[in-house]
Protein chains: 4
Amino acid sequence: MTDAPNLALAQKVLAAQPFSNLLGARLVAFTEGEATLELDIRDDLRQQNGFLHGGVLAYAADNTLTFAAGTVIDAKLLTAGFTIDYLRPADGALLRAHAQVVRAGRSRVVCCRCDLSVVDSAGVETLCTVAQGTIAVPEPSQGT
Amino acid sequence: MTDAPNLALAQKVLAAQPFSNLLGARLVAFTEGEATLELDIRDDLRQQNGFLHGGVLAYAADNTLTFAAGTVIDAKLLTAGFTIDYLRPADGALLRAHAQVVRAGRSRVVCCRCDLSVVDSAGVETLCTVAQGTIAVPEPSQGT
Amino acid sequence: MTDAPNLALAQKVLAAQPFSNLLGARLVAFTEGEATLELDIRDDLRQQNGFLHGGVLAYAADNTLTFAAGTVIDAKLLTAGFTIDYLRPADGALLRAHAQVVRAGRSRVVCCRCDLSVVDSAGVETLCTVAQGTIAVPEPSQGT
Amino acid sequence: MTDAPNLALAQKVLAAQPFSNLLGARLVAFTEGEATLELDIRDDLRQQNGFLHGGVLAYAADNTLTFAAGTVIDAKLLTAGFTIDYLRPADGALLRAHAQVVRAGRSRVVCCRCDLSVVDSAGVETLCTVAQGTIAVPEPSQGT
């Protein structure tokens, strides 16, 4: 919409999120219409059965959906909401969340989808969760 | 379905979730069809604008929906998925998530709704997020 | 937001929807923050097993959520999206969908919830489906 | 899971749905993991502003998601629920809904995504709505 997506700038936004730091999230891709976030599956991110807690998956969906929207909208963004479906228990070395813009919709809203996979120590990736969400541009007077 | 909901037992399940400990979540109510979870809004749970991170709200929705289902189903449960709508930026001293069973649905699934509010230091509660989700009973052969 | 909700006016809007006429929908309540829509469960609204088709329930959720938002926002509205959870197969004489505004959220969006029940010939009402959705106010310059 | 997807058989199921007949829906593809449903955008399927009614889109999402699940699960299926995001007003000659299985998840549930497009008289296709849903296999004792 304005400049090309800037990974370094987006990483600064992520670094300014204390909760993302607490979870150890890293933004590893930020290109036109797509963003990828990763985090190591540490033991303090698990639930009672040893799997990655659904709340970590939901965090990753929320944040990656919003960063994906940020690749096409150069403005302050607010996640309006999202739906998440857990497909299987998540375990492995790494969580990788990849979101793509479906399109900028009506009502100043961007719709995105996100695939969340776990990657084991051998690099094998397994899809474990999918999400779909909408991100709003809250200030219509900013000349977008 | 079998015994009355047991708060102390449910609190043990929560205590066995490392991620819930990391976030400081407390289960404060667990009665027939309802569960309430709270956590203090610490600075390391915020996003870049100083509000509570959406991922914390999503964690609380996920977990409270599942505990609410656990008040009526005495079996291992898996959150199948949920939808979350953020109504306003969340700030305050405390996050309170309250979920209620809508009803045990077809296909061994329990549907619940969750209201998430922030409570300020004066005790004023403001609804900031709503969620709706389904929780599945994964093992049909357990005689439930 | 401006005038009190006007049932007769809202019924005119419904009457101007050819698809609502095809399904025989009636708007029976339209008060501050709430709307109720009903339709007779005719045989041509069923699926292959004799139950009300999920698409009819989804239609009723979509429309009732939007009318509920219309009770608090006096402007053109667009349903941004919704989530629907089917709790049990729906059968009976009448479908009744009742939606309530949760609150007008950030980003010019109204969030509503909807309970869909079937009513049998004896008047007994059974909840069969729940929905949660967001309705957007698309034109920010209209002086709302 | 058993036999290859059978388009003719699936079309018989669709033909046995009175509501699908009322709307004029046609199942045009039914292959491993994918289903496509189409319907002509008749005037009686519109809302008050002349666009296709959201309820028709929701019907098409519901049904196509379930048929897509039916390409991989040879059993009675129930749509557990879905989320739909409307991206733009829908108008044109034809509605085409295409759903794909994401994967068969935990708890005997299949998760699918659906893209809904309108096609104009020149054959130009425009994405207008996206959905994500879960379909349950209700009878665990059938030896699947």
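Q: The expected span of a helix is 1.5 Å times one less than its number of residues; what distance does helix α3 (residues 54–70) of chain A reach from its first C-alpha to its last?
A: Helix α3(A) has 17 residues and reaches 24 Å, close to the 24 Å expected at 1.5 Å a residue. The label follows from the rule that helices (H or I, at least four residues) and strands (E, at least two) are DSSP runs, numbered from the N terminus.

Q: What kind of model is this, and which thresholds apply?
A: This is a predicted model, in which local features need pLDDT of at least 70 and side-chain atom pairs count only at pLDDT 80 or more, whereas totals for chains, interfaces and linings use all residues. Residues are numbered from 1 along each chain as its sequence is written, while chains are lettered from A and ligands numbered from 1 in the order in which they are written.

Q: Why is α3(A) described as largely enclosed by the rest of the structure?
A: A residue is buried if 20 or more other C-beta atoms, placed from the backbone, lie within 10 Å of its own, exposed if 12 or fewer do, and partly exposed in between. In α3(A), 17 of the 17 residues are buried, so the helix is largely enclosed. Of the 144 residues of chain A, 53% count as buried.

Q: How many helices and strands does chain A have, and in what order do the elements run?
A: Chain A has three helices and six strands. From the N terminus on, the order is α-α-β-β-α-β-β-β-β.

Q: How do you know whether the radius of gyration of chain A agrees with that of a compact globule or departs from it?
A: The radius of gyration is taken over C-alpha atoms, and the globule rule is 2.2 Å times the number of residues to the power 0.38. For 144 residues the rule gives a value near 15 Å; chain A has 15 Å, and therefore the two agree. Along its principal axes, the C-alpha trace of chain A spans about 50 × 30 × 25 Å.

Q: What makes Ser117(C) buried, exposed or partly exposed?
A: Ser117(C) has 18 C-beta neighbours inside 10 Å and therefore counts as partly exposed. The residue lies in strand β5 (residues 109–119) of chain C.

Q: With which residues is Ser117(C) in contact, leaving aside its neighbours within four places in sequence?
A: Two residues are in contact if their C-beta atoms, placed from the backbone, lie within 7 Å. On that basis Ser117(C) is in contact with Arg96(C), Glu125(C), Thr126(C), Leu127(C) and Cys128(C).

Q: What makes β5 (residues 109–119) and β6 (residues 125–136) of chain D a pair of strands?
A: Two strands pair if DSSP finds at least two bridges between them. β5(D) and β6(D) have 11 bridges and pair in the antiparallel sense. Val110(D) stands opposite Ile135(D) in β6(D). Five residues lie between the strands of this hairpin, in which Gly123(D) takes a positive phi near 90°. β5(D) is mostly covered, with nine of its 11 residues buried.

Q: How many residues of chain D are in contact with chain C, and which element gives the largest share?
A: 28 residues of chain D are in contact with 28 residues of chain C. Two or more residues come from each of α2 (18–23), α3 (54–70) and β3 (78–86) of chain D, and β3(D) gives the largest share, eight residues.

Q: How many bridges join β3 (residues 78–86) of chain C to β3(D), and in what sense do they pair?
A: The two strands pair over five bridges in the antiparallel sense. Phe82(C) has Ile84(D) as its bridge partner in β3(D).

Q: How many residues of chain A are in contact with chain B, and what is the bridge partner of Ile84(A) in β3(B)?
A: 28 residues of chain A are in contact with 28 residues of chain B. β3(A) supplies the largest share of that side of chain A, eight residues. Five bridges join β3(A) to strand β3 (residues 78–86) of chain B, and the strands run antiparallel. Within β3(B), Ile84(A) has Phe82(B) as its bridge partner.

Definitions and conventions. Expected span 1.5 Å × (residues − 1).
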